Amino acid sequence: MIAIESLTKRYPRVTALDRLTVGITPGVTGLVGANGAGKSTLIKILLGLAPATEGGATVLGLDVAREGSAIRERVGYMPEHDCLPPDVSATEFVVHMARMSGLPFTSARERTADTLRHVGLYEERYRPMGGYSTGMKQRVKLAQALVHDPKLVLLDEPTNGLDPVGRDEMLALIRRVHTDFGISVLVTSHLLGELERTCDHVVVIDGGKLLRASSTADFTKSTPSLAVEVTDTDAHPDGTEALRSALAAAGLSVQAPGTAGAPGAGHLLMVDATDESAYDTVRDTVIELGLGLVRMEQHRHRIAEVFQAGDESGASGTDPALAPAAGAGAAAAPASAADLALQPQKGGGDVA
Amino acid sequence: MSPEPHATTPVATPGKPPGQRGEDVIHNIGYRNYDGPRLGRGYARTSLFEQSLRGAYGLGRSAKSKVLPMLLFAVMCVPAAIVVAVTVFTKAKEMPVHYNEYVILMQPVIGVYIAAMAPQAVSLDLRFRVVPLYFSRPIERGDYVGAKYAALSAAIFVFTATSVLILYVGALLAKLDFGDETKGFALGLVCCLVFSVLHGGIALTVAAATPRRGFGVAAIIAVLTIPYMLVSALQGIVASQDNTSAIGWLGLASPGSLVDGLQSKLLGGDNAFPRGEDLTAAQTSAYALLTVVLIAGTYALLLRRYRKAGL
Ligand SMILES: Nc1ncnc2c1ncn2[C@@H]1O[C@H](COP(=O)(O)OP(=O)(O)O)[C@@H](O)[C@H]1O
Ligand SMILES: [Mg+2]
């Protein structure tokens with residue numbers, strides 16, 4: 001779908017993309033990075049709207065530097081910012097945008113009706129868009145990107161500004177763009193967690209550099225682990241710590257999870273369950289120590305935790321810079337621990 | 001919450017069963033792919049031109065947006081109709097107002113129309129950031145600017161040429177000399193064309209520089225009327241000192257007097273300058289050159305204005 005080769009984009013004061021090389025296959029791909037990581041810049045280059053300083057890219061086999069117009073005919077784009085005139089109805093607007101993509105008038109009308117229905121906009125599509133909710137506006141923005149039936153859509157932060165319900169709906173819709181419509185998707189987000197349910201692949205960039213690119217399954221496939229929570233007793237005033245050292249002595253790999261601030265955090269241990277015997281070992285050790293077992297459950301890694309684990313062990317080859325920010329994000333949003341906001345790392349500077 | 005295994009998903013299957021959530025039931029008319037024609041840049045450009053031209057008369061917009069352009073259009077045409085009625089009834093030997101003269105005379109009305117319509121042609125797209133959506137499509141910067149420029153100029157042309165047409169029809173009804181009137185009418189249309197392209201460019205450039213619609217309206221009125229009034233006043237002063245050549249040179253300083261001088265020399269009309277004297281050869285070249293420079297210059301400025309807008 002997309003091949004990016006040593007792509008560099010320098011603005012007078014910042015390097016937005018730094019020798020980025022990554023390939024993007026059909027399906028839903030998440031492009032994740034903190035604000036200022038270079039996500040929007042990459043999209044503009046892929047649309048042939050901004051020249052690369054060095055390197056290059058092809059989209060659908062077309063060169064971004066020379067064949068921008070042909071790319072834009074086959075690709076849809078949803079910007080991160082508002083882009084809807086308030087005094088026009090969604091129908092009129094999307095029809096007009098379909099014609100701008102080259103669709104004859106009658107086809108533009110038919111496809112507009114279809115597309116608006118597919119994104120979940122019904123009677124309200126005849127009303128001026130000024131009165132729409134954020135969720136409805138995002139749907140219209142998505143519709144105008146889909147109306148000409150592109151092969152690929154580039155969605156820049158489509159969940160921005162939505163409440164949790166709206167976000168889930170948008171993510172489900174994005175998933176359907178691929179599964180039901182057969183259109184490949186590149187979707188950006190600064191929320192690492194929200195993409196794991198939606199994307200087949202995830203590309204993480206930071207400061208314009210590639211941190212990691214792999215399938216979502218690879219991100220979450222690492223060793224299953226066991227979450228164990230125990231009570232304290234008089235003999236062991238810090239039951240959690242006692243269990244941790246006992247299990248470590250028994251040869252198990254144990255971590256206290258980095259989700260500080262999450263409910264029950266300090267009392268939770270993550271035990272790598274390499275085989276079935278780990279369950280028995282944990283049970284026996286708890287009984288031996290005379291602790292009360294509050295819970296013991298199987299736990300699948302989330303993408304964000306993979307990053308934290310990588311930081312702690314320093315083994316996974318990811319950039320440690322991402323992890324502390326991810327932890328901070330989790331603490332700030334205990335309600336949805338999966339949505340770890342990546343804060344800007346360095347003063348990237350907002351250049352006008 | 002765990003991701004379902006979506007390995008490689010097949011391409012859209014028409015008539016796919018409804019999704020998991022209840023409200024998705026209506027979606028079950030499956031997605032249809034489009035394999036009809038994609039008409040490309042030229043078509044997109046024409047569509048944009050057409051939409052913008054219609055928009056300049058409030059067509060395809062809310063009823064409220066039709067009021068002002070239609071009202072001004074009526075104000076522009078009614079005096080022409082009155083002139084015709086008078087000519088026909090009094091059986092006059094010639095029209096009381098010449099074609100070009102009528103356009104120059106009606107400048108205040110045309111100015112208000114331009115000031116109202118130029119901002120809505122470009123400022124809305126800038127202010128609500130619709131421009132990136134255009135540039136994410138096959139069209140290029142030049143297509144967008146060209147279509148908007150042509151559309152506003154065409155709108156002004158329709159606005160002015162219609163009254164010229166009314167005058168011509170009236171002249172024929174009054175059985176004035178067919179040859180003379182047809183020639184005057186043709187030159188009148190050329191005058192409208194020059195006027196429209198020049199004013200369209202100036203107004204769009206000002207409008208694109210002021211994304212706030214209200215400011216745009218005020219700025220365009222200012223640019224079109226203040227220099228014209230100054231020029232007229234100064235011309236009056238130098239005329240009273242018998243400095244006839246200065247009158248001509250001063251006329252260069254406003255778009256209205258520029259068109260006026262040009263048409264009086266080249267398009268067979270009389271100008272509204274104090275002495276009504278024709279331009280000298282040097283002045284004529286300066287007028288023509290400045291007009292061309294202004295038209296090309298405003299287009300170039302507009303292109304420049306949109307250099308960053310797509311990003
Ligand atoms: N037009 C521009 N001129 C100068 N700097 C820019 C421009 N656009 C983006 N940048 C800078 O490039 C970096 C990447 O920006 P961007 O691609 O918008 O990041 P993201 O979309 O990931 O938040 C930021 O530091 C930003 O300030
Ligand atoms: Mg961005």
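**Close-up views of a predicted two-chain model**

A:S40 counts as buried, because its relative accessibility is 14%, where buried stands for under 20% relative accessible area, exposed for over 50% and partly exposed for what lies in between (1.4 Å probe, protein chains only). The model is predicted, so that local features need pLDDT of at least 70 and side-chain atom pairs count only at pLDDT 80 or more, whereas totals for chains, interfaces and linings use all residues. Residues are numbered from 1 along each chain as its sequence is written, chains are lettered from A and ligands numbered from 1 in the order in which they are written, and side-chain values use heavy atoms, with hydrogens and water left out.

**View 1. Protein donors of the magnesium ion (ligand 2).** Helices (H or I, at least four residues) and strands (E, at least two) are DSSP runs, numbered from the N terminus. A:E80 counts as partly exposed, because its relative accessibility is 34%.

**View 2. The open sheet of four strands in chain A.** The strand order is 2-1-4-5, with antiparallel pairing, where two strands pair if DSSP finds at least two bridges between them. Strand 2 (15-24) and strand 5 (62-63) of chain A are the edge strands, each pairing on one side only. Strand 1 (residues 2-10) of chain A runs antiparallel to strand 4 (residues 54-59) of chain A and is joined to it by five bridges; A:A3 has A:T58 in strand 4 of chain A as its bridge partner.

**View 3. A nonpolar patch on the surface of chain B.** B:V88, B:L165, B:V169 and B:L173 together have about 320 Å² of accessible area, computed by the Shrake-Rupley method with a 1.4 Å probe. Patch residues have over 30% relative accessible area and no salt bridge, nonpolar side chains being joined within 5 Å and like charges within 9 Å; a salt bridge is a side-chain nitrogen of Lys or Arg within 4 Å of a carboxyl oxygen of Asp or Glu. Helix 6 (residues 141-173) of chain B gives the largest share of the patch, three residues. B:L173 lies in helix 6 of chain B and counts as exposed, because its relative accessibility is 56%.

Conventions. Donors are N, O and S atoms within 2.8 Å of the metal (3.2 Å for Na, K and Ca); water is not among the atoms, so sites may look incomplete.
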